[in-house]
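This report goes through a protein model from its overall make-up to its details. Please keep the sequence and the structure in view while reading.

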Amino acid sequence: MNLLPLLLYGAAGAAYAIHFGRREPAAGRAATLLLLLAALVHTFVIGMQTMEVRHVPFANPSRMVSTFVWLLALSYLYVEVTTEERGMGVFITPIMIGLQLIPVFNPGVENMDPVLDSPWFWVHVSSLLFAYASFGLAGVLGLTYVLQFTEIKKKHLGYFYTRLPSLQVLDVMNWRAVTVGWAFLTLGVAVGFVWTMQARATAPESPNLQAMSLDDPKVFMALVTWAVYSFAIVARRTLGWSGRRAAWLSALGFAIVLLNFVPVSYFVTTSHTFQ
Amino acid sequence: MHLFLLGVSHRTAPVDVRERLDFSSRNVGDAVEALATRPSAAESVVLSTCNRSEIYVASGDPQRAKAEIVEFLADYHRLPADAFTPHLFSLDDAAVAQHLFRVAAGLESLIVGEPQILGQVKEAFQAASERRCTGPLLTKLFTWSFNVGKRVRSETSLGEGAVSVSFAAVALARKIFGRLAGRRVLVIGAGDISTLTAQHLRSHGAGQISITSRTPAHAETLAADVGGHAVPWDAMLTVLASADIVITATGSQRPILTRAGIESVTHRRTEPLFIIDLAVPRDVDAAVGDIEQVFLYNIDDLQGVVAENMSRRGAEIARAEAIVAEEVSRFAAWQRSRGAIPTVVALRQRFDAIRRAELQRLDGKLAGLGPEARARVDEVTKLLVEKLLLDPTEQLKALPDEETQIAYTEAVNRLFRLRDEDAPEARSPITPADRRRS
């Protein structure tokens, strides 16, 4: 069921690439429509899964990745529509395509541990997924900022210069995405902490809850992510770290997010594997 | 009806001739109205820019139109005809379309791809059409040319990239700052290019423009020119601290802006600083470009950008020419289909006349029929004629070239005796004797 969104993300990605390479407005419009269609179909898929298991499907890592891709697509579409800039599509769709491969080839089984049956769980997961989607956008904006900054600084006004929005636009959007993401990350982590404390009282023997500490790589990485973005915000306010430094920080932050989101979730963590 | 063009351009006439034949300083609408009083130039458009004065007419007699336009030019500009006739160029039919499409696309411009020309073509057409000096052929030609101009702009990058130093600087500023509204500009030293650049920045919305010069009077003059305000030379670094764009163009032999000087006022600056050094020798120490937030461009860098843009435009010319060629051939096909119209009309009239004559002849025999049945007979015969003529009409309109079209229309004219004054139906209805003959 995740295959159709993947194919549509792929088609949108191809159209964005053609738009970027040849600068054809028609290809750009087609790309936006395809991505919109992909997001709609994906909404439908997630809706079906929700009805099937009777709760929002993110109790297994693959479905969580799928939901993340969906949120990333929606956030990107929001940015594209509000700024009327399509130049970043070619950078963001590969992330969607790459991540959507996971639920397609490893769908997993949605089997909810009773421990998770709490309203806190939904707040925790959905705010973190939304934070990660914002960081994904910020990371891509940061990367494109650096590419264009380098071209202007080195006076080679070439490929990216003619295709990307102005540095100012990229910087402002990056800042917004980082602050929104940071707010949701803070909320998600705080809810996770409070809820763990509560759950330990009701289910003291759960092995997952036992492992829920700073020693667990997933928890540790989440806090590293929080530290990186907090630093990005403070540094911008007090040290004047905007522009290229802020861009690098948001790219670094998203690299950590991706690392935590895929390899750590699947292979390393012991606390977040509720099956 | 033929298209005909007579005019001068920067390719055919020196600037003094173009100046004397210029219409744009006076009202073009009046000129086109004056021209339209001449019978062979009743349908006309006058396109006049600093690089060209061209008169487009749709005329049944191009030779006569040419003579009348020359006469008009001499009268209107009060010049002897031989002062400009050697510089005139003229074109006919498809060549007119090709020329106008190339003009609208910016391919005929002095700076290839410059954007103003399409607007000028539109204005020229509008002026003529407001004075009711345009007919169907010129209207089609000009509206077609607007589309060609738009297509070339959207499908190629012919008009992209600044091709002058001052525009290149503005384009860079926009790429760094996005919208320039509210951005502060500091101009150090007064010069031609710095004035021009400041004016371009102002027209793109730049906010406050401060000007400083070692000679305060120069700063005051320039400030008045670009709508800025003069600041004392000593306050330069203080003003620079809050500026976004700095333009320097002094005659100083030594750098006036050093890395240490700029760092002393831009410490903890979050916004970028764009410094444009137009002076030779340079006003800004090259090390300033190493400061993280500073983008430093000197005159050579900007000229490099311009040269790159020029060569990129050059590479787009072939694509633009291909679009023009495609549109010219489509326009020519449309014009040919128009050429077939008299024959098509004559053919239809001929068939309808035969139909009506036959119905009239049968009037007596049909007298017994009720009005409804008679109407049905009329309808059926009409439909029959329509169907018989459908394919020949479409074929005649879609012929691939003019020669074939002439041959076909000639054949149709002869086969159906379309030009024959005493065509059979004019004499009498087809009689049984006619039938036997056939």
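A residue counts as buried when its relative accessible area is under 20%, and as exposed when that area is over 50%. The model described here is predicted.

**Chain B as a whole**

Of the 438 residues in chain B, 47% are buried. The chain contains 17 helices and 10 strands. Among the contacts in chain B with a separation of 6 or more, 73% are between residues 24 or more positions apart.

**The sheet in chain B**

An open sheet in chain B is built from six strands, in the order S7-S6-S5-S8-S9-S10, and their pairing is parallel. Strand S7 (229–230) and strand S10 (294–298) of chain B each have a single partner strand, so one side of each has no neighbour in the sheet. These two strands therefore stand at the edges.

Strand S5 (residues 185–188) and strand S8 (residues 245–248) of chain B run parallel and are joined by four bridges. In this pair, B:Val185 is placed opposite B:Ile245 of S8(B).

**Cysteines**

How many disulfides are there over all chains? The count is zero, where a disulfide requires two cysteine sulfur atoms within 2.5 Å.

| Residue | Relative accessibility | Class |
|---|---|---|
| B:Cys50 | 64% | exposed |
| B:Cys133 | 3% | buried |

B:Cys50 is classed as exposed because its value of 64% is over 50%. B:Cys133 is classed as buried because its value of 3% is under 20%.

**Where chain A meets chain B**

The contact involves 22 residues from chain A and 28 residues from chain B. Together the two chains bury about 2000 Å², and 47% of this area is on carbon and sulfur atoms. On the side of chain A, the residues A:Lys153, A:Lys155 and A:Leu157 supply 27% of the area buried against chain B, more than any other three residues.

Which polar links cross this interface? There are 13 residue pairs in polar contact between chain A and chain B, counting pairs with both residues at pLDDT 80 or more. The number of salt bridges between the two chains is two. One of them joins the side chains of A:Lys155 and B:Asp301, at 3.0 Å from N to O.

Helix H5 (119–153), helix H6 (167–202), helix H8 (217–238) and helix H9 (243–268) of chain A are the elements that each give two or more residues to the side touching chain B. The largest share, five residues, comes from H5(A).

Note on methods. Residues are numbered from 1 along each chain as its sequence is written. Chains are lettered from A and ligands numbered from 1 in the order in which they are written. This is a predicted model: local features need pLDDT of at least 70, side-chain atom pairs count only at pLDDT 80 or more; totals for chains, interfaces and linings use all residues. Side-chain values use heavy atoms; hydrogens and water are left out. Two strands pair if DSSP finds at least two bridges between them. Buried means under 20% relative accessible area, exposed over 50%, partly exposed in between (1.4 Å probe, protein chains only). Contact means heavy atoms within 4.5 Å. Buried area is the accessible area (1.4 Å probe) that two parts lose on being put together, summed over both. A salt bridge is a side-chain nitrogen of Lys or Arg within 4 Å of a carboxyl oxygen of Asp or Glu. A polar contact is a pair of N or O atoms within 3.5 Å; within protein, one must be able to donate a hydrogen and the other to accept it, and residues adjacent in sequence count only if both atoms are side-chain atoms.
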